[in-house]
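Subject: Structure handover

Hello,

Here is the structure you are taking over. My notes follow below it.

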Amino acid sequence: MSRLFQGAGLSACAFLAAGLLLPNSSSAEVNFAGKTIQIIAPFKESGGTARYSRLWQKYLQEYLPGKPTVLVIFKPGGSGITGANWFQKNAKTDGTNLIALSSSSHTSYTSLR
């Protein structure tokens, strides 16, 4: 393994450890009882993003405080850009909107910059 990749791996491990060891600064209790959480999947109802969105849907419903309803909303088009743009413009900041992205969403965004 090259030194570049070893250094990147060590940096990533240090960053992760720091995030896990720092105290939680949030003092408010979170409870999603009676709420609906939407996972926006900016692709068709098939493929990898759909699969892992449905996987997260199951666990979020079970383990989030208040056991909210979790829906996967598909917004295909433009190689993920249509759904990502919808999310950027419309997502609530209360934690009830999530987005499931793939690497193609990130590369499409950066190639347009």
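Which residues does T49 touch, not counting residues up to four places away in sequence? They are A41, F43, A100 and S102, where a contact means heavy atoms within 4.5 Å.

This is a predicted model: local features need pLDDT of at least 70 and side-chain atom pairs count only at pLDDT 80 or more, while totals for chains, interfaces and linings use all residues. Residues are numbered from 1 along each chain as its sequence is written, and side-chain values use heavy atoms, with hydrogens and water left out.

The protein has four helices and three strands, in the order α-β-α-β-α-β-α along the sequence. Helices (H or I, at least four residues) and strands (E, at least two) are DSSP runs, numbered from the N terminus.

Helix α2 spans residues 48–63 and contains T49. T49 is buried, at 9% relative accessible area; buried means under 20%, exposed over 50% and partly exposed in between (1.4 Å probe, protein chains only). L55 also lies in helix α2 but is partly exposed, at 46%.

L55, W56, Y59 and Y63 make a nonpolar surface patch of about 480 Å². Patch residues have over 30% relative accessible area and no salt bridge, with nonpolar side chains (Val, Leu, Ile, Met, Phe, Trp, Tyr) joined within 5 Å and like charges within 9 Å. A salt bridge is a side-chain nitrogen of Lys or Arg within 4 Å of a carboxyl oxygen of Asp or Glu.

Of the 113 residues in the protein, 22% are buried. Among contacts between residues at least 6 apart in sequence, 73% join residues at least 24 apart.

Regards

Key
Areas by Shrake-Rupley, 256 points an atom, 1.4 Å probe, with all protein chains shown as cover.
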